[in-house]
Structure formats: C-alpha cells, structure tokens
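Dear colleague,

Please find below the structure I wished to pass on to you. My notes on it come after.

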Amino acid sequence: RIGNPDRIVIIGGGISGLSSAFYLQREAERLGRELAITIVEGAPAFGGKINTLHRDGFVIEKGPDSFLARKLAIIDLAKELGLEDELTTTNPGAKKTYILHRRKLYPMPPGLVLGIPTEIGPFVKTGLLSWGGKLRALLDLVLPARKEQDDESIGGFLERRVGKQVMRRIAEPLLAGIYAGDLKKLSLRATFPQFKASEQKHGSLIRGMRHNRKSGAAAGALPAVAKGGIFLTFKGGLSTLVKALDEALTGVERRLGTKVTEIRKADMAEGAASSAYKDVEGARYEVVLEDGERLQADRIVMTAPAYSAAELLEPLADCRELRAVQYVSVANVVMAFDKATFGLDFDGSGFVVPRSEGLHITACTWTSSKWLHTSPDDKVLLRCYVGRSGDEESVNLPDAELIKAVRKDIEDTMGIKAKPIFTEITRLHRSMPQYPVGHVEQMQQLRARFGQQLPGVWITGAAFDGVGLPDCIRQGKEAAKAILES
Ligand code: FAD
C-alpha cells in the first residue's frame, strides 16, 4: 500500500483518545507523514468522564473538576491549544480543607502532603489524632525501610510507616478522593511511587515527603500559571479543553454515538483466531461498529475502560491483566442555594469523610468558595460525593432517597438546613479504576504479550498508567510518539 496513509482507529473519545489523536495529528504534520485517523466514541459527544454543565449562571462539573497544577502535560496541551488565558486556580482565600472526625470538622494540619505530615509542629497540635496515634506516626522517623522491593498495598505501606490512625483518619479519606478505593487493595507502586521512593531514599516517609516538598518549591520548575495553587481548571469548565481538542482535530474522522462491538484480525495464518477476517488492502484489523460500519485499521489505540477493552480484545488475546482492574461506581450530588438563606460562610474548600463516620457522603466540596468562577455572587454551590470501594449501594438509591440522604449528611456535619434551588445528580457506574497490587508489572506483561499477539494495538488511558487528567494526556502523547516511531 505504498503511498497510502496508515489507518489508525482510536477507540474512545475521552481525554485519552482525544489527546492521542491530537498528538498523532500534530507529530505526523511535523514529520510530513500522512495518517488516516478515526475516533470512535460510543456516546453522542466527546469528553468521556469530562462533562461540564452550564446552568443558571453556574459552572457545574459532573465528572472531574480540576487537575494537579504540578503535572505539566495538561498545561502544555492547554498552551498548544491557545487556552492558557482560560486557566484559573483555586480561591486563595479558601486554602483550608477539613476532615470530619466524630461528626466535627477539623482543619487539616498545615504541611500535610497527601496525608503525610511534613511539618511536625502543626501535626502534633491537631485534634484529629490521639497522642498514641501521633507518636505512632512519628515512629516513621526511626523505623527501618522495608527491604523487599516487590509491590505492596498503599494501605499496608501507610500502616507500616505511619500507623493505623493516620491511615484511617487522614490518608484514606484524602486519597480516596482520587481513587474511591480501598487502600488495602490498591497498588503502592502504581498510585504513589513517591511514597516508596521516600522510604528507600530517606529511610522515612515523613523525611522523604518533606524533602520532596522543599526541593519542589526550591526548584521553581513550574510555569507561572501553576504556581498560584495546587489545582487548576478552566474558567468555562473542563469541557473547554474537550471543545478545543475537538476543534483542533481538523484532519480526524469521527464516529460518534456508535460503539465498537468487535475487533477482527486479518486472517493471515492457518488456525487464525475465531474472529479473523479476510484482510482488505493489507489492513491488520477490522473494527466493527454498532451501526454495522466496518473500519479497516493498521493500528488501534484502545482507550476504553479495562473491562470494555477486555471484552473487545479477549477473542484475540489473553486479557487477564485487564480483567484484574476492578472499577468502583460513584455518584455526585450538586446542590445550588441562595446565599441569603444558606446560613454558613465558608473559609475553605470543603471536607473529606473517613469510612468510620458511617455517612453516605465521602466528601463535600464547597465549590462556590473553592472556585470563584463557578457561581453567581449571591449563590452557593456544594458538591457531595457518594460511593467508594466496598460501599457503593448509595450510588443506586432512587433520586429522592439519594438527595434525602445527602441533605441529612450535610445537616449533621455542617448544620445546613436550607432548601436547594436545584439539585443535579450524576451517577458514574464503574468509573474509578482500581490498580491492584502488582499492576505495573502486570501492565508490562500485557503490553509485551500484545506486542507479540496484537501488533499495532496500543492500550492507553485511565486504566493503565495514571487516572488523573494530566496522566491521561501524557499517556495519549506517549502512545502517539510510540506509534509514529514504530
Ligand atoms: P474515559 O473518559 O472513560 O473515556 C473513555 C471513552 O471510551 C468513553 O467516552 C466511552 O464512552 C468510550 N468507550 C468505551 N467503550 C467503547 C466502545 N466499545 N466503543 C466506542 N467507545 C467506547 N481526574 C482529575 O485529574 N481531576 C479530577 O478532579 C478528577 N475527578 C474525577 C471525578 C470522577 C467522578 C471521576 C469518575 C473521575 C475523576 N478523575 C479526575 C479521573 C479522570 O476524569 C479520568 O481518569 C479521565 O477523564 C479518564 O479519561 P479516559 O479518556 O482515559 O477515559
């Protein structure tokens, strides 16, 4: 097929698929190579988990709401799309975050990084922990490092280093915000490799995290826009990024509102897999869509969740590592109020709820206080999170019951009795990938096997190497580079 462009089918139009397409298109242009790229997205619109709603002057995020400023892949992409001026940071007057303990809100002690104390003074003063709990945490400074190099659970690691109390009352509810996970099941290496590195390099998690914090600040490597706060978003919401990517993909074909139902491999050898087909113009794969269309593909970029990817690829290859990535369902309940009747002034960005509190909500973001652009001045916006690993029943409560349960929780924790002007419920079933212990090695094995059995198929996205938006963009960029180099 000399002279014919490589046919690349990207499965999934979330941030991973869109970034893969963007960097494939851009790099191909730079190298003067012709590609025929098609994105297939099952939903009627691009964005995947990203979903911003504009309602009555509010900017409401129904999926992710922001991203970590220090992870630069997303800032680089925003710059390339001309969106730098659209970036905005958290309200500097709302830096405090609270943790619920025995139905009382305690401010997070200053210096806590991902739940790990890096300043001893404020840590020993907090009312969140008993003296025994604090002393146990400080034992980390003298406990020897674990010699074994194999992976372990993040929960096991934290218990070993800083004790059960810090793990359960501080670290778990904070980190659960990212994974909605059970820390006893999540891989340390795949989620917080910097914790392990701290133990190995500094002999102590606390010392290592303190060192990282200081050297990070001293390095001053962050661009100006990332220095204003830990988190950033776009003034018009995260869908700004999706829209800009969509507009930038001028040379990319789209198939929206139709799912990939089957992937078939060219029948090149005897005893080919059951889902083999007669190759057309030498294409390696045929991608069959729900609406009956068949796309010829030389390469496939798979960005669907691990369970969907497994369903599509299992007829062609062993996908046990994809099946090992379990997913947790979550929901969020956004409530808008009139400031005049709300009855509380916020001095922070919200609070997280440890499992032991036995509430339906796992966290509550004081959105209008944390992000000033999200609400009219005379209104208040709250976002409550529901569902975590081992506690997903609330997600499926009927709307009225869910709202009742959440309103009871906000009354019990903050004393809020005001009636919302409106409520928006979003259920995200099987949306939070849980990287199991050994995940990094398992993904290496999977990729090596696919390299042999499914040449030209690249798997990328939230199920594989980082769930945050910047990680997904980085993965999309890496996939594009690897494809163009291969
Ligand atoms: P997705 O967004 O899931 O996209 C995959 C796409 O594939 C979907 O659009 C799906 O429809 C499509 N698809 C699946 N199967 C098929 C098929 N067979 N054929 C065609 N299309 C298919 N990250 C942050 O950085 N900051 C946050 O604040 C944050 N908050 C979050 C809050 C929630 C409630 C959730 C669920 C996640 C949050 N995350 C956050 C994580 C982040 O949003 C996701 O990891 C990221 O958006 C995933 O992008 P993706 O493209 O890999 O997957």
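The notes below treat the ligand site and then one glutamate.

This is a predicted model, in which local features need pLDDT of at least 70 and side-chain atom pairs count only at pLDDT 80 or more, while totals for chains, interfaces and linings use all residues. Residues are numbered from 1 along each chain as its sequence is written, and side-chain values use heavy atoms, with hydrogens and water left out.

The ligand is surrounded by 32 residues (a residue is near if one of its heavy atoms lies within 4 Å); Ser-16, Glu-41, Lys-49, Ser-66 and Val-467 are the closest. This shell comprises 16 nonpolar, twelve polar and four charged residues (Ala, Val, Leu, Ile, Met, Phe, Trp, Tyr, Cys and Pro count as nonpolar, Asp, Glu, Lys and Arg as charged, the others, Gly among them, as polar).

Oxygen atoms of the ligand lie 2.7 Å from a side-chain N or O atom of Ser-16 and 2.6 Å from a polar side-chain atom of Glu-41. Of the 1000 Å² of accessible area that the ligand has on its own, the protein covers 87% (Shrake-Rupley method, 1.4 Å probe).

Glu-286 is buried, with a relative accessible area of 6% (buried means under 20%, with a 1.4 Å probe and protein chains only). Its side chain makes a polar contact with that of Gln-296 at 3.4 Å (a pair of N or O atoms within 3.5 Å, one able to donate a hydrogen and the other to accept it).

With kind regards

Note on methods. Buried means under 20% relative accessible area, exposed over 50%, partly exposed in between (1.4 Å probe, protein chains only).
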